[in-house]
Amino acid sequence: MEILALPDLFLRKLMRTMEIDYRMRLRLVSRAFEKLVADTHAGYFADGSIHTYLDYNTIDESDPNSRAAEMIIICFGDKSFTFVAKPEILSQFLHLRNRLFSGISFGAFGFKLIVDSIPIDFTRQIVKQFKIGHLRLHLNTETHLENSRKLIADFPRSTYTMYLQQFMPEVEQLLSLPPMKEMHMVVPRTPSISAATFFQLITAHKLLHIYRESVAINWQELKHAMQMISCDARERTARVIVRNDSMVGWLRSEGLSESTEPRTICRGFELIANRTPQQSAEDDHDND
Amino acid sequence: RIYPLMRVTLTTSDGASVTVSRQLTKHSGFIEKAITDMAVDDNAVPLSAVAVDVDDATLKLVIEWLTEHRDDALPYPEKTDEERRADDIPAWDQAFVQKWDTKEDQQQTLYAVITAADKLDIKGLLDMTCKTLANKINGKTVEEMREILQLECDFTEEELAEIRKENAWCEN
């Protein structure tokens, strides 16, 4: 008996355990194996990614019209594939991909498509046969936002993490995004988010991370936000940095003051210890 | 409900008969279905034997594996979308397969057990043999792969060059 006479179920299972590197070598074993590699699923990989970037090393300084090459790098498993983002090179990659597997699964897959001039359809063609559990989307421009919407539409059953890094969408755009497993808003120097927008964001997304930004919110609205999070059936954790006067206003409204004794319970709060700012500073110093 | 004392008689493709405990055969989807189809009382020994399309020598190996794994949990967990792993073969299973190295044609024994595991629908044994073969192939050169898989290269030099060119392109 020869290996290719083994049950189809077994051969497919075997090919799901092969690393990409060995699939490439198996292509060279025999004609039948070359076909088997092409016709079988590559199995599951915990993580993968596709990035675009400009390669400035390709600039010919003697040529004033020379530009940095637009590059695509795709990583899965133990392999990465880097190529110039041109239609004919993409066709070569797609041909190779079609000879390497019929499908592939990823636990998570990152999209960092920072070169706007590379059409999103390039990426969509590359990941066409992919099954992706979780998409990580990095956004720096409005084009990236539109591209991300297309990718989300291509993977409607996946979960998503969005990183707003250099670009803050308009409120309407922000609120029209689908629910994210994680929404990271880390855009520097942007106007404050309104309380109303903030309420909608914490309701929509499981994890909302606002960094280097602020929310225009008074203590009553902050309290409302905390109540919304507490009432949410999803597992939620809130970590907020609040201006001192906002927090004081909230605590006073709950009946807490400087003279409140430790172990006093006031509505939703239990006072563990009552320290002056000087005592707190000394404690911090001791802990350093 | 499975009655572990119940015995099942298996007749092999080369005419031998082996009687085994239901505690072992419960891991075989094929045998379980055959018993169900007979509609016999689970307390009784089936009057008809279950015919399995496996030779006597291979069935003995399968039964040896089933005996070791008689207490494995059922149903066998499906792992289609989990992390690929071939390095988690239990020590007993590794030793079980290594014993075949002394046989004249170890690869044929492995293939026979794989085929039997598929026919008898024993998912755990199929998984183990799959990982065993994957471990043999992984890390090997193309020539070594051909030797392990007992395959001749049937490409022309031009075809090989073309595939190498494609592979080399994606490594750049």
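Tutor: Start with a definition: aromatic rings pair if their centres lie within 6.5 Å. In this predicted model, A:F45, A:F76, A:F81, A:F83, A:F93, A:F101, A:F106, A:F109, A:F111 and A:F130 form one aromatic cluster. Over all chains, the count comes to 15 aromatic pairs.

Student: Why are A:F83 and A:F93 called stacked?

Tutor: The angle between their planes is 20°. The centres are 5.1 Å apart. A:F83 is in strand β3 and A:F93 in helix α4, so this pair joins parts that are ten residues apart in sequence.

Student: How do you know that A:F83 is buried?

Tutor: Its relative accessible area is 3%. Buried means under 20%, so A:F83 qualifies. A:F93 is buried too, with 1%.

Student: What makes A:E34 and A:R99 a salt bridge?

Tutor: The N to O distance is 2.7 Å. The cut-off is within 4 Å, so the contact counts. A:E34 sits in helix α3 of chain A and A:R99 in helix α4 of chain A, 65 residues apart. A:R27, A:E34, A:R99 and B:E166 are linked in a network of salt bridges. The whole structure has 24 salt bridges over all chains.

Student: Why is A:R99 called partly exposed?

Tutor: A:R99 has 25% relative accessibility. A:E34, at 11%, counts as buried.

Student: What makes B:K60 and B:D56 a salt bridge?

Tutor: Their side chains meet at 3.1 Å, N to O. That is within 4 Å, so the pair passes. Both lie in helix α3 of chain B, four residues apart, about one turn of the helix.

Student: Are B:K60 and B:D56 buried or exposed?

Tutor: B:K60 has a relative accessible area of 51%. Exposed means over 50%, so B:K60 is exposed. B:D56, at 19%, counts as buried, because the limit is under 20%.

Technical notes: Residues numbered from 1 in each chain as written. Chains lettered and ligands numbered in written order. Predicted model: local features only at pLDDT ≥ 70, side-chain atom pairs only at ≥ 80, totals over all residues. Heavy atoms only, no water. Phe/Tyr/Trp six-rings, centres within 6.5 Å; stacked < 30°, edge-to-face > 60°. Helix = DSSP H or I, 4+ residues; strand = E, 2+ residues; numbered from the N terminus. Buried < 20%, exposed > 50% of the residue type's maximum accessible area, 1.4 Å probe, protein only.
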